[in-house]
Amino acid sequence: MPNLATKGQQIVGTLRVKNAVIPNKQIASADGAITIKDGVVVITKAGVAALTLADPTATVDDYKTLTIVSVTAAAHTVTNTTGFNAGGAGSDVATYSAAKGACLVLVAYHGVWYTRSLTSVTLA
């Protein structure tokens, strides 16, 4: 049975969808603040990047998801003064292993960043 959406034609190349949702994005090529609270941050700094992440705003930012991924092999850090998972000084710094693809996925809830997943990243 032919695909009614394509009228039996095969799609070759890039499919562009009208009104597609493209996530917020930020490139971290130097030390500094992560300024988005929803979307994807790509760390591209060749050396170690020292990044800061402000707390999300309670209720306004609830359920927003932030992915921070490294595409360079360096021991980057992301600091959140409240501490990830509301852990205070015991979990306020996320340190990436010196491996491409190290990744931290966070979910905002009531003014705190909670870890959804850690790939080659440790909290201390």
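Leu118 sits in strand 9, which spans residues 112–119. The model is predicted. With 38% relative accessibility, Leu118 counts as partly exposed. Beyond its neighbours within four places in sequence, Leu118 contacts Cys103, Leu104 and Leu123. Leu106 is twelve residues from Leu118 in sequence, and their C-alpha atoms are 8.9 Å apart.

The structure has one aromatic pair. Tyr63 and Tyr109 form this pair, which is tilted: 5.6 Å centre to centre, with 50° between the planes. The pair links distant parts of the chain, 46 residues apart. Tyr63 is in the loop between strand 4 (50–53) and strand 5 (65–70), while Tyr109 is in strand 8 (residues 103–109). Tyr63 counts as exposed, at 61% relative accessibility. Tyr109 counts as partly exposed, at 35%.

Three salt bridges are present.

| Salt bridge | N to O distance |
|---|---|
| Lys45 and Asp31 | 2.8 Å |
| Asp61 and Lys37 | 3.2 Å |
| Asp61 and Lys64 | 2.8 Å |

Lys45 lies in the loop between strand 3 (39–43) and strand 4, and Asp31 in the loop between strand 1 (25–28) and strand 2 (32–34), so their bridge ties together parts 14 residues apart in sequence. Asp31 is partly exposed, at 46% relative accessibility.

Lys37, Asp61 and Lys64 are linked in a network of salt bridges. Asp61 is in the loop between strand 4 and strand 5, and Lys37 in the loop between strand 2 and strand 3, 24 residues apart. Is Asp61 buried or exposed? Asp61 is buried, with a relative accessible area of 4%. Lys37 counts as partly exposed at 25% relative accessibility, and Lys64 counts as partly exposed at 27%.

Terms used:
Residues numbered from 1 in each chain as written. Predicted model: local features only at pLDDT ≥ 70, side-chain atom pairs only at ≥ 80, totals over all residues. Heavy atoms only, no water. Helix = DSSP H or I, 4+ residues; strand = E, 2+ residues; numbered from the N terminus. Buried < 20%, exposed > 50% of the residue type's maximum accessible area, 1.4 Å probe, protein only. Contact = heavy atoms within 4.5 Å. Phe/Tyr/Trp six-rings, centres within 6.5 Å; stacked < 30°, edge-to-face > 60°. Salt bridge = Lys/Arg side-chain N within 4 Å of Asp/Glu carboxyl O.
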